[in-house]
Structure formats: C-alpha cells, structure tokens
Amino acid sequence: MSSPLRNDRFLRALRREPVDCTPVWLMRQAGRYLPEYRATRARAGSFLGMAKNPEIACEVTLQPLERFDLDAAILFSDILTVPDAMGLGLYFVEGEGPKFHNPVRSTADIARLAVPDMESELGYVTDAVRLIRRELDGKVPLIGFSGSPWTLACYMVEGGGSKDFARIKAMALNEPAALHRLLEVTTDAVIAYLAAQRAAGAQALQVFDTWGGVLSPVMYREFSLRYLQRIAAELERGEGDERTPLILFGKGTGQYVDELAATGTDGVGVDWTTGLDTAARVAAGRVALQGNLDPTTLYGAPEAIRREVGRVLDAYRDGNNGSREGHVFNLGHGMSPDMNPENVAVLVQAVHELSRR
C-alpha cells in the first residue's frame, strides 16, 4: 500500500522491543501554536472546514513533522466527529469550544442513535488517513484515534464542555440503564470507527478518555473502564509485527493503570499527575507506557525543559527495572496555543539525546 517504514521506533516501543532511543510524539502536535497551522486555518475558514477536508487535514497533520524530528504523526481530526455523524450537529463557538445542536437528553434521544456508516458519513476521515499515509511515504507511522465512549457521552449529554458534568452524572444516578444503552451504541461506533481508520492505513490507534478522571472509582469502573475493556477485547488489531497497537489514554486516571493494563491494550497513556516510576511498577511490563511530561513545562527555559525531560525518562527507567524499553515519550495532555515552537524542538531533541542507547 505504501513504502516500508524508515522510522519504526514508536511501534517497536509499543511492542516493548529494543529501540535506539525513546520515541516521542506530542498530543496536539498539529495545532494553533504553529504559525503555519494558523495560516491554514485562516484559509480554511473554520476548524471543521479543516477537519472535513482530507487535503487540508493531511497538510496540517504533516506540518509538525516538517519542523520537528517526531517519531509519529497523528491524524488531524476531532473526537466529536463520531457524535456529529450520529446526527447531533457539531458546531464550534469561539472561546467556548464544541457544542451540539441536538444533545442527548432523553431515552427517546438515545433510542434514535445508531452506528454511523463509516464510508458515507465519516469517509472524510478515512480519506484523510489514506492521503496522509501516501504523503508520509514511510517516514514515520500514522496514529488514528477516537474519543472514549464515556468522554463522547459527556459531550453528547451535556451538549458541549462542562465544569461539573451534572447532566450526565444525574443520568448515571437516576437512569443508569439509559446511560448504558447510550454507552453501548457509542462503543459500537468507536470500534467501527477505529477499525475503519486501521483499514485505511492507521498504524496505531489511541483512545482519549479525557473525562474519565471526573468519575468516582465506582462510577469509573461502571461507566468508562467497562467500555474501554470492550474496545480492547473486540477491536481487531492483527498479530506480530503487523499488529496495530492500541493506546488507552485517560486524564486523571493514573490510579487505574493496573486495570487498564489488564484490558488487553498494548499501551497505557499516563498524565503528569502520576509518577511514571509508579505507573511502570504497577504495569509490570504488561503494556508499554506513554507520557508523561507536564505540558506547562514547555513554558520553561530550554535548560528547564531538558532537565524535566531527563527526569521523566529516568522515572520510567527507575520503575521499569532499569530498562528504558517500552516507553513512548509524550506530554501528559495536549499542547496549548500560546506555546513556543522553539521549545518543542528543544523537547524533541532532548528526548532523543538523553535516551540514546
């Protein structure tokens, strides 16, 4: 389908195989901190205008790779493409973020939901994946992604972002069976969506459970973890060197590393509020770990960034019986628009230099 990979560090690390240095990519590496991204967005007219145009999505995906020596590309898209394709009517409000015209508020709303057709309703995503794979020409692997069922349901029920998640938590308390129906159909959609990205050429897949950490442990296990387990169990990923690894990333879910590692996933992403040494000891070699530099480190001076990169690398090694294998370096969450691209260059170079085997 396309050229053999010239840099497979990222995939090897997810298989916990030896690499010459620790691979690095960054959540939101294609984004507003890059002037070239802002120029493309101005030309496209809107965020959705970029995400729904495969040529522009491809252009934006490749922008950070032209600047930095990153070890993976991640598809430029949005986690809310799936509920949008389910008929909720996604739109963005400047300064407020994503909203839905048709939020899910009743059992009747839930009953109307169905898994979208991947080629007709989300074909712009699979078209972008195919185009990016062609343009990457084997330079680095391409990561596809989805939101987690719980995180998608948060936006679907709240109608947008939320400070307290009152509506969906009330549904969890008062109508748990209804919420489980919503999560079941959303999980079916996520599995189909990730499978479609894999078929189109995505070489690794990540699930973003951005709002998993807002739940109590009892609720997390019932309304989020259960559905992550289904994804890890049911998503066809292949075998051996041809396997498409799955990474489960949650914000504020470091206390569940043990349970996430037991799902059958290939990698677990850890945010910066959990020590990577602790996470590595808990994971005990069952999965690769991804993370977990505090994103605000990028506001530091170059020497501070190098120091913190070294600390994260050493923390992983210290928790992993003295070995650096099985670690993908990343931020503990996404980058912010006001970050300096020059500091990203410092970070990427530091990861490769300080982890050189």
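Which residue in strand 5 is the bridge partner of glycine 147? In this predicted model, where residues are numbered from 1 along each chain, local features need pLDDT of at least 70, side-chain atom pairs count only at pLDDT 80 or more, and totals for chains, interfaces and linings use all residues. Side-chain values use heavy atoms, with hydrogens and water left out.

The partner of glycine 147 is phenylalanine 208. Strands are DSSP runs of E with at least two residues, helices runs of H or I with at least four, both numbered from the N terminus. Strand 5 runs parallel to strand 4 (residues 142–147), joined by five bridges, and five bridges also join strand 5 to strand 6 (residues 246–250), again in parallel. Two strands pair if DSSP finds at least two bridges between them. Leucine 205 stands opposite leucine 246 in strand 6.

In strand 5, six of six residues are buried (under 20% relative accessible area, 1.4 Å probe, protein chains only). Ala204, Gln206 and Phe208 cover one side, and Leu205, Val207 and Asp209 the other.

Seven aromatic pairs are present; rings of Phe, Tyr and Trp (its six-membered ring) pair if their centres lie within 6.5 Å, with planes under 30 degrees apart counted as stacked, over 60 as edge-to-face and the rest as tilted. The ring centres of tyrosine 37 and phenylalanine 76 are 5.8 Å apart and the planes lie at 70°, so this pair is edge-to-face. Both residues are buried. Phenylalanine 165 and tryptophan 211 form a tilted pair, at 5.1 Å centre to centre and 55° between the planes. Phenylalanine 165 is buried, with a relative accessible area of 5%.

Note on methods:
Buried means under 20% relative accessible area, exposed over 50%, partly exposed in between (1.4 Å probe, protein chains only).
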